[in-house]
Amino acid sequence: MRDRFLRACRREPVDRTPVWFMRQAGRYMPEYRALREKHGLLELCRTPELAVEVTLQPVRALEVDAAILFSDLLLPLGPLGLRFDFHSGEGPVVENPLRDAADVAALRPFEPREALGYVMEAVRTLRGELAGLPLIGFAGAPFTLASYAIEGGHSASFARTKAMMYGDTATWHRLCALLADVCAEHLRAQVEAGAEALQVFDSWVGALDAADYEELVRPHVAGLFARLRPLGVPLIHFATGASHLLTSLRRAGGDVIGLDWRQPLDEAWALLGQDTAVQGNLDPTALLAPTARLLRRVDDVLRRAGNRPGHVFNLGHGVLPPTPVESVRAVVERVHAATARQ
């Protein structure tokens, strides 16, 4: 059933639980490492034929139920006027991070169909290559994009970001409103090009407490999802380290709430309510364990899901670089075999 992923997102009956992996294309795959020896990460993202090839690598190697576009959530920062690159061992580094209201005012709104046209070209090509397998498009949520833009990269404390949130709230809201607009149009363009589901990544929002999220972030995320809802495709809302924010995330929007591994799936689902689909939530490090232990962890997630409609099996975050491909394949096979409906 080629549409089992889309059906699960809509909480419809499926023949077996669908499975895909965040970062299912990446450094754990030898085919990807071979490409990275010749091309930088941004070159892979900005060259449609290379992005298509990387997207398809795990589809060929694994029996996953969805493909996710190979891209990077920071790509919209470039057309806004923020220069960035990926430094070995450091991750993304923004050369001209935002420091004050003048920096935010200098950001340039843009048309993603033009400035990020290479993304849409990759999506259009993939629709023809995937033979009916659903394609997931994605973008970063306002807080996560803002934190990269302000911190200049990843941060342990997000001190600069919170300093703007608390010290210049008006500028913070202007920035988040702009980023929500950018995300909405970028995602709309991906659907126009052929994406059949969308995931919004809020990778770092778990750094906030519930009060700050409600006041300073949720209104922008809710506005983003309100603009996406008329597109008619399943919307996945994923945040890392955000078990304490689950009910707020649900109110912000999304047909499917992605769960990390820090809270048992059944407990999280009970908080969200059975009228919400969920995605997750195997600990990515479990894929580094011996096969027997790994499969016990897979079985525990499936037991907690209880074959209820609306479960998409995934990790609680992305596949880690040292992960054996054989372990990823074993998870797909176990999920499909253990959940086959008669």
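Predicted model: local features only at pLDDT ≥ 70, side-chain atom pairs only at ≥ 80, totals over all residues.

Reply: Gladly! Residues are numbered from 1 along each chain as its sequence is written, and side-chain values use heavy atoms, without hydrogens and water.

Me: What makes the radius of gyration of the protein chain agree with that of a compact globule?

Reply: For 342 residues the rule gives a value near 20 Å, and the protein chain has 19 Å, so the two agree. Along the principal axes, the C-alpha atoms fill a box of roughly 60 × 45 × 40 Å.

Me: How many helices and strands are there in the protein chain?

Reply: There are 16 helices and nine strands. Helices (H or I, at least four residues) and strands (E, at least two) are DSSP runs, numbered from the N terminus.

Me: Why are strands S1 and S9 said to stand at the edges?

Reply: Two strands pair if DSSP finds at least two bridges between them. Seven strands form an open, parallel sheet in the order S1-S4-S5-S6-S7-S8-S9. Strand S1 (67-68) and strand S9 (311-315) each have a single partner strand, so one side of each lacks a neighbour in the sheet.

Me: How do you know that S8 and S9 pair?

Reply: Strand S8 (residues 277-282) and S9 share five bridges in the parallel sense, against the required at least two. Within this pair, Gln 279 stands opposite Val 312 in S9.

Me: Which strands does helix H11 touch as it packs on the sheet?

Reply: Contact means heavy atoms within 4.5 Å. Helix H11 (residues 169-193) touches strand S4 (135-140) and strand S5 (197-202), and its direction makes about 165° with that of S4. Helix H12 (residues 210-228) also packs on the sheet, touching S5 and strand S6 (235-239), at about 160° to S6. For these angles, axes are lines fitted to C-alpha atoms, for helices over the stretch in contact, and the angles run from 0 to 180 degrees between N-to-C directions.

Me: What makes a space a pocket or a cavity?

Reply: On a 1 Å grid over the protein atoms alone, a cavity is a set of points where a 1.4 Å probe fits but cannot get out; a pocket is an open set with protein on both sides within 12 Å along at least five of seven lines, and lining residues have an atom within 4 Å of a point. Grid points are joined across faces, edges and corners, and a volume is the space filled by probe spheres set on the points. The largest pocket has a volume of about 1,300 Å³. Of its 39 lining residues, Arg 23, Arg 27, Leu 41, Asp 72 and Phe 86 are the closest to its centre.

Me: Which classes make up the lining of the largest pocket?

Reply: Its lining has 20 nonpolar, twelve polar and seven charged residues. Here Ala, Val, Leu, Ile, Met, Phe, Trp, Tyr, Cys and Pro count as nonpolar, Asp, Glu, Lys and Arg as charged, and the others, Gly among them, as polar.

Me: How many cavities of 30 Å³ or more does a search find?

Reply: Two, over the whole structure. The largest cavity holds about 70 Å³ of space, and residues including Ala 239, Ser 243 and Asp 260 line it. The second largest cavity holds about 40 Å³.

Me: What is the peptide bond from Gly 280 to Asn 281 called?

Reply: That bond is cis, with omega near -5°, and Asn 281 is found in strand S8. Most peptide bonds are trans.

Methods
Rg over C-alpha atoms; globule rule 2.2 N^0.38 Å.
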